[in-house]
Amino acid sequence: MIVVLSGRAGGTTHRSVELLATLPPALRLIGGMAVLCRVGTPHRATVDLDAVARDLSLYHDVLSRLAVTAEDGGQYRFAGDFDLDVIDVAPMDSTALIAHLLTFDEPPGDLDLNMVAHTWAHDTATPVDLVAVDEGTGAVLARAPGRLVATSAGLVAMKATTVQLRSSSKPEKRASDLYDLGRLLVSGGVEVEDIGGMPELLAEAVVSRLVAWFVAPGGRDRTFREIRRFDEPPVDLDDVADAVERIAG
C-alpha cells in the first residue's frame with residue numbers, strides 16, 4: 001500500500017516522513033500520523049510521532065543515538081523538536097494476554113483492555129510505503145518505504161480503550177480521540193470482519209463504547225459538544241452512527 005502525503009518542503013509532513021525512514025523498521029506507527037495514513041484525506045497535523053514495539057530495549061540504543069534526548073518510558077526528542085513516544089506492548093500476543101489476565105480474581109479493567117488493544121494493534125499492523133510530496137509541484141520530498149502502520153481497526157481498538165483513561169484535566173485529548181474515531185469509522189474502511197478479528201473480550205468492549213459515544217442519544221450529544229473544536233475535515237455524526245451500527249451487527 002502506498003500513501004502519498006502532500007506538504008511544504010521543510011514542513012511537518014516532509015520532516016515526519018524523513019524521520020520515519022531512519023527509525024527501526026520493527027516499530028509500528030500509531031497516533032495522528034497513522035490516522036492520516038488510514039483515513040486517506042487531510043487530517044489534523046501533528047509534530048509528534050507515536051509507535052508501539054515489543055521489547056523496546058531492543059531498539060532503545062538505536063533510538064537514543066538518533067535522538068537529541070532520550071528519556072525513560074520510551075520518550076525521544078529529535079532535531080526540529082519532533083517527539084517520538086514508544087509504548088512497549090506485552091511480550092505475548094493478545095489472546096495469550098487475555099488468558100493471563102483472566103487468571104486473576106477480578107475481571108480485566110480499563111487499563112487491561114487498553115494493554116490488550118495496543119498488543120493486538122501491534123500484531124496486526126501492515127506495511128505502508130509513505131511518500132511526502134510538495135503540495136505545489138508534486139515533487140517527491142521524502143520516502144519511508146515498508147513502514148508498519150496500525151490498521152484502522154487497530155487504531156479504533158486503541159482509541160476506544162484510551163478515551164476512558166483520559167484525565168479530566170486534559171479534555172482536549174479525549175475530544176481528539178473521539179474525533180479520530182469518527183474519522184476512522186467513516187473513512188478508514190473498518191468492516192464487520194475487522195471487529196470480528198479482534199479477541200472477543202476486546203471486540204465487546206470496543207463496540208459497547210462506540211455505541212455509547214456515537215449512537216446512544218445522550219452520549220452522542222456529549223460527543224458532538226466535545227469534537228466540534230475539531231472541524232477540519234468535519235465529522236458527520238449521522239454517518240458515524242451508521243458505521244457503528246453496521247460494524248456492531
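Tutor: G31, D50, D85, R166 and K173 lie nearest the centre of the largest pocket, out of 27 residues that line it. The model is predicted, so local features need pLDDT of at least 70 and side-chain atom pairs pLDDT 80 or more, while totals for chains, interfaces and linings use all residues. Numbering runs from 1 along each chain as its sequence is written, and side-chain values use heavy atoms, without hydrogens or water.

A pocket here is an open set of points on a 1 Å grid over the protein atoms alone, where a 1.4 Å probe fits, with protein on both sides within 12 Å along at least five of seven lines; lining residues have an atom within 4 Å of a point. The space in the largest pocket is about 700 Å³, the volume being that filled by probe spheres set on the points, which are joined across faces, edges and corners.

By type, the lining holds 11 charged, 8 polar and 8 nonpolar residues; Asp, Glu, Lys and Arg count as charged, Ala, Val, Leu, Ile, Met, Phe, Trp, Tyr, Cys and Pro as nonpolar, and the others, Gly among them, as polar. At least two lining residues come from each of α2 (31-39), β3 (48-54), β6 (82-89), α6 (152-162) and α7 (171-187), with α7 giving the largest share, 5 residues. Helices (H or I, at least four residues) and strands (E, at least two) are DSSP runs numbered from the N terminus.

D50 sits in strand β3. Its relative accessible area is 22%, hence partly exposed (between buried, under 20%, and exposed, over 50%, with a 1.4 Å probe and protein chains only). Beyond four places in sequence, D50 contacts R28, L29, I30, G31, G32, L84 and D85 (heavy atoms within 4.5 Å).
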